[in-house]
Amino acid sequence: MAPERRTGKALLRQFGLVGDSEESKQPKPCYLMEGMCGECPDCVLYGFAAVQGEGSQKSRLLTDSAFTLRGYPQLQKQIKLNAIQDKTQGGVAGSAFAEQDTLIPQVFLPCVETLVDVTTDELVYVLGNILQTTRYGAQANREGYIRNHILGISFGNVEKLSNLDLTQRLYDKLAPQGQIADSLNLSDFINSQGTEGAILDVFAKVLAEIPGHSVAMSRAELEGLLNQVYSIYNQLDSCQDFFTRLDAAARTYSGGRS
């Protein structure tokens, strides 16, 4: 979740809605590790720990660790590194060697994010953060590029699915004999039209079999919502107008809470 928070916070700073230095008084600076402002959309939605004079806010976005369907030996390989001595004429390889694990392409991480009591603008903000975030992990500057796909959205009064439950159900569907294929593609989970596939079958089954009211968006509704998100984020003026409105609502809420 932290990389997605940083994606949204970078845009808040870009539009001048949170301070970008310790000297900033209005708006206040806001840092994940060194002091949250308690007022911006990120704090109000994703939550923050106790801040002097600001109290605390429980996160309204719930998620947990994502899991792969295939075992680690199927996903990784060892690569050898040969350090280059840039002082040597012609860039002759030096004598420093190393070896490290690296993940092969096409690693799928099914993930569920649950939003609690959010507004329409807050939903768009979360979707924008998910779609724009591409780097996860401690070595994200060298590896770890991920393309997020939003495959379904449902509305209800109960949380019905976790990441582990989703992954186990997908595994059972894709590996009925208990042995999953060494290679997987996006088409194994959903077809190119987004109308059918293993993950949609699991999604529909979970919504039907677990007690609690829930309504899933149709494919046409989902595409319409995502097109609205793209139209907001693809144009700088509309993006700034959206963030300004979102920020005003968050500060109104935080002011009323205090």
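Reader: What makes H213 and S214 contacts of G156, leaving aside its neighbours within four places in sequence?
Author: This is a predicted model. Contact means heavy atoms within 4.5 Å. G156 meets that cut-off with H213 and S214, once neighbours within four places in sequence are left aside. By C-alpha atoms, G156 and H213 are 5.3 Å apart in space. In sequence they are 57 residues apart.

Reader: Why is G156 called exposed?
Author: Exposed means over 50% relative accessible area. G156 has 54% relative accessibility, so it counts as exposed. G156 sits in strand β7, residues 154-156.

Reader: How many residues line the second largest pocket, and which lie nearest its centre?
Author: The lining has 17 residues. H149, I150, L151, R219 and L226 lie nearest the centre. The volume of this pocket is about 280 Å³.

Reader: Which helix gives the most to that lining?
Author: Helix α7, residues 219-234, with five residues.

Reader: What makes up the lining of the second largest pocket by class?
Author: Seven residues are nonpolar, seven polar and three charged.

Reader: What share of the protein chain counts as buried?
Author: Of its 258 residues, 35% do. Buried means under 20% relative accessible area. The chain exposes about 15,300 Å², with 52% supplied by carbon and sulfur atoms.

Conventions
Residues numbered from 1 in each chain as written. Predicted model: local features only at pLDDT ≥ 70, side-chain atom pairs only at ≥ 80, totals over all residues. Heavy atoms only, no water. 1 Å grid on protein atoms, 1.4 Å probe; cavity = no way out; pocket = protein on both sides within 12 Å on 5 of 7 lines; lining within 4 Å. Points joined across faces, edges and corners; volume = space filled by probe spheres on them. Helix = DSSP H or I, 4+ residues; strand = E, 2+ residues; numbered from the N terminus. Nonpolar A, V, L, I, M, F, W, Y, C, P; charged D, E, K, R; others polar. Buried < 20%, exposed > 50% of the residue type's maximum accessible area, 1.4 Å probe, protein only. Areas by Shrake-Rupley, 256 points an atom, 1.4 Å probe, with all protein chains shown as cover.
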